[in-house]
Amino acid sequence: MKKRLLAATLTAALLCPTTAFGAFTDVSEGYIESVTYLAERGVIAGYEDDTFRPEQTITRVQAARMFTRQLPPSTVSDSLAFTDVLPEHSDYDAIMQIASLGVLNGQRDGELKAFKPAHAL
């Protein structure tokens with residue numbers, strides 16, 4: 001169920017580009033309505049140059065941001081720990097929340113567990 005929800009949300013986000021409720025300069029006409037829908041609800045956001053970059057690969061941290069924008073705030077478990085995501089990380093709360101729900105998990109590298117936020121989804 002969680003994987004289907006993740007796949008559906010990411011597919012919609014890929015097909016739906018727009019900036020703060022305006023049209024992205026790089027989104028074809030056939031996708032504007034879907035992109036606007038997601039942008040108006042805060043699921044997706046474009047880049048500062050008014051592009052969506054629909055051909056760009058989504059990273060694990062971008063997926064975490066998209067999902068948690070739609071979830072109510074929650075307390076992050078102290079039992080979760082990733083070697084590459086410290087509390088000072090700008091997306092720490094989003095990563096920890098999505099990991100605590102089991103939607104995206106860390107990856108073991110021997111004894112250590114890393115989230116690998118910059119890796120492709």
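Predicted model: local features only at pLDDT ≥ 70, side-chain atom pairs only at ≥ 80, totals over all residues.

## Stop one: a helix pair

Numbering runs from 1 along each chain as its sequence is written, and side-chain values use heavy atoms, with hydrogens and water left out.

α3 spans 60-68 and α4 covers residues 92-100, and they pack at about 80° with axes 9 Å apart. The axes are lines fitted to C-alpha atoms over the stretch in contact, with angles from 0 to 180 degrees between N-to-C directions. Helices here are DSSP runs (H or I, at least four residues), numbered from the N terminus.

Now show side chains: V61, A64, R65, F67 and T68 of α3 meet A94, I95, Q97 and I98 of α4, where contact means heavy atoms within 4.5 Å.

Pick T59, in the loop between α2 (32-40) and α3. T59 is buried at 17% relative accessible area; the cut-off is under 20%, with a 1.4 Å probe and protein chains only. Beyond its neighbours within four places in sequence, T59 touches P117, A118, H119, A120 and L121.

## Stop three: α2

Select V35, T36, L38 and A39, the buried residues of α2. Look down the axis of α2: they fall within an arc of 165°, so they line one face of the helix. The arc is taken from the directions from the helix axis to the C-beta atoms. Finish at G42, which follows α2 and has a positive phi near 80°.

Note on methods: Helix = DSSP H or I, 4+ residues; strand = E, 2+ residues; numbered from the N terminus. Buried < 20%, exposed > 50% of the residue type's maximum accessible area, 1.4 Å probe, protein only.
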